[in-house]
Amino acid sequence: MSDNPVPPNLHVSRHPAVLHKLAILRDQQTEPKKFREVVRELSWLLGYEALADARLRPLRVRTPLAEVEAHELGDRIGLVPILRAGLGMVDAMLELMPTAQVWHLGLFRDERTLRPVEYYNKLPDSATVDLCLILDPMLATGGSATAAIDVLKRWGANRIKLINLIAAPEGVAAVSAAHPDVTIHCAALDRGLNDKGYILPGLGDAGDRQFGTGRRD
Ligand code: PRP
Ligand code: URA
């Protein structure tokens, strides 16, 4: 991690369960099946933290004994996984918020330029949610996240949070400069990027490690 101060829109989890699972995720020996399981568990924990300020609506329910003031989620929540690596984060978030809508965005990083290329977007004409949670395990240069936020803001989303498993300072700086209103929740803020734009120490390629598509030579 760099010595730079943590920007106010960045939340790095300190929860022991998160740190324990992060070590498993980073370990190059972790096979895709276990990797997917831990992506899912970490997503649940980070999603739980990210929703701490979600809006509530009052509700009265009747227990077997009496009536009581209770609450229900007041925000219409949209989950926006960035294909493909963000897919592995969706199920856990849907467990947390079963009524959430899921809107997929397809972006890949051009390996040469490191710029994001959009290849899938079926958002309807105007926003149908109050709070968007963008799901992507890795925030590297920040190009993909910034592009996704641009798309969502053009769509009409005005409350957006970014949930990553690992972030690089370069990506945090890029997102914070372009979209200071977007909060970033992650399990780790790593050292930086290598000359191929990979996060150091990171975990490698999050998509390949989930889906078993990495190089085998
Ligand atoms: C990875 C990752 C992010 C992006 C981060 O996706 O899941 O979307 O790179 O890099 P950036 O911050 O520099 O934009 P990738 O492009 O490898 O596509 P994939 O999910 O299909 O593997
Ligand atoms: N995408 C990944 O999957 N890993 C990185 O380290 C950077 C971008």
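Reader: Which strand supplies the largest share of the nonpolar patch?
Author: In this predicted model, local features need pLDDT of at least 70 and side-chain atom pairs count only at pLDDT 80 or more, while totals for chains, interfaces and linings use all residues. Residues are numbered from 1 along each chain, chains are lettered from A and ligands numbered from 1 in written order, and side-chain values use heavy atoms, leaving out hydrogens and water. Among strands (DSSP runs of E, at least two residues, numbered from the N terminus), the one giving the largest share, three residues, is strand β7 (residues 116-121).

Reader: What is the relative accessible area of H185?
Author: H185 sits in strand β12 (residues 183-186). Its contacts (heavy atoms within 4.5 Å) include H11, E49 and K161, not counting residues up to four places away in sequence. H185 is therefore called buried because its relative accessible area is 7%.

Reader: How far is the polar side-chain atom of D136 from an oxygen atom of ligand 1?
Author: A polar contact is a pair of N or O atoms within 3.5 Å; within protein, one must be able to donate a hydrogen and the other to accept it, and residues adjacent in sequence count only if both atoms are side-chain atoms. An oxygen atom of ligand 1 lies 3.0 Å from an N or O atom in the side chain of R84. For the polar side-chain atom of D136, the distance to an oxygen atom of ligand 1 is 2.5 Å.

Definitions and conventions: Helices (H or I, at least four residues) and strands (E, at least two) are DSSP runs, numbered from the N terminus. Buried means under 20% relative accessible area, exposed over 50%, partly exposed in between (1.4 Å probe, protein chains only).
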